[in-house]
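This briefing covers the nonpolar cores, an aromatic pair and a metal site. The sequence and the model come first.

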Amino acid sequence: MASKASDFSLRLPGLILESRTVIDGIVEMSGRLAAVGANCPDCAMPSTSLHSRYDRTLSDLPVRGSTVRLRLSVRRFRCLHTPCLRRTFSEPLAPPVGRRYGRRVERCDALVRAVAVALGGRPGSRMMARLSAPWSRDTMLRVVRRSDPATVPPPPARVVGIDDFA
Ligand SMILES: [Zn+2]
C-alpha cells in the first residue's frame, strides 16, 4: 500500500520524501535530496546538468516494530567545467541524511552508538535485531569507533575455567 508523502513523520532536512510502501512489515520510503544541483568534487564548480540517477538504500530507525528503509534516488551530474578531467559525479550524501559511503540514515548512528556502548557489540546487535534494526556487531563497533575511540566497549569478559589454573 502506498500513501502520500504528507503522511510521513520521519522527515529529514534536505530530503524530499515522495512515497511510502509497506511490504511484509518493512516500511520503504522513497525520496531524493532537495538540493537543486551539486558541486564537482574535483573543481568545485556547481552543476545542475543531470546525467543519470541510481538508487541507494539506507537503513532508518525502526517504527512501531517495523524495519524502515529509505530508497534514495541519487543524481549524477555532468561537470561542464572544461579544464576539469571529471566528466560526471554523484551528488554527495551528507548528514543529517547520511554519510558519503554510509548505509544508514545519520540518525541511526546515535541509537547504534548508545546501544553498543551500553551492551557491547554482539549483545547490542541481538538487541537491535529484536527492535527490527538488524545491524551487525561489526557495524555497531564501527559506529562507536568512528565517534569516539575512548568509548569502544571492552571485549566481553572471558570465563575462566578450572583448567586455566592447571
Ligand atoms: Zn569538475
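Which residues does Val-97 touch, not counting residues up to four places away in sequence? They are Leu-12, Pro-13, Gly-14, Leu-15, Leu-33, Leu-58, Leu-72, Arg-104, Val-105 and Glu-106, where contact means heavy atoms within 4.5 Å.

This is a predicted model, in which local features need pLDDT of at least 70 and side-chain atom pairs count only at pLDDT 80 or more, while totals for chains, interfaces and linings use all residues. Residues are numbered from 1 along each chain as its sequence is written, and side-chain values use heavy atoms, with hydrogens and water left out.

**Largest nonpolar core**

- The largest nonpolar core has 24 residues, and Leu-15, Leu-70, Leu-72 and Val-97 have the most contacts inside it. Such a core is a set of buried Ala, Val, Leu, Ile, Met, Phe, Trp, Tyr and Cys residues joined through side-chain atoms within 4.5 Å.
- Two or more residues of this core come from each of strand E2 (15–23), strand E3 (26–33), strand E7 (66–78), helix H1 (107–119) and helix H3 (137–147). Helices (H or I, at least four residues) and strands (E, at least two) are DSSP runs, numbered from the N terminus.
- The core lies between domain 1 (1–105) and domain 2 (108–154), because both give residues to it. The domain bounds come from an automatic or database domain assignment.
- Apart from this core lies another, of 6 residues, among them Cys-40, Phe-77, Cys-84 and Phe-89.

**Leu-33**

- Leu-33 lies in strand E3 and counts as buried at 11% relative accessibility. Buried means under 20% relative accessible area, exposed over 50%, and partly exposed in between (1.4 Å probe, protein chains only).
- Leu-33 and Val-97 are 64 residues apart along the chain, and their C-alpha atoms are separated by 8.5 Å.

**Aromatic pair**

- The count comes to 1 aromatic pair, with rings of Phe, Tyr and Trp (its six-membered ring) pairing if their centres lie within 6.5 Å; planes under 30 degrees apart count as stacked, over 60 as edge-to-face and the rest as tilted.
- The Phe-77 and Phe-89 rings have centres 6.1 Å apart and planes at 40°, so the pair is tilted.
- Phe-77 is buried at 1% relative accessibility, and Phe-89 is buried at 1%.

**Zinc site**

- Cys-40 (SG), Cys-43 (SG), Cys-79 (SG) and Cys-84 (SG) coordinate the zinc ion at 2.2 to 2.4 Å.
- The donors follow the spacing C-x2-C-x35-C-x4-C along the chain.
- Cys-40 is buried, with a relative accessible area of 2%, whereas Cys-43 is partly exposed, with 25%.

Notes
Donors = N, O, S within 2.8 Å, 3.2 Å for Na, K, Ca; no water.
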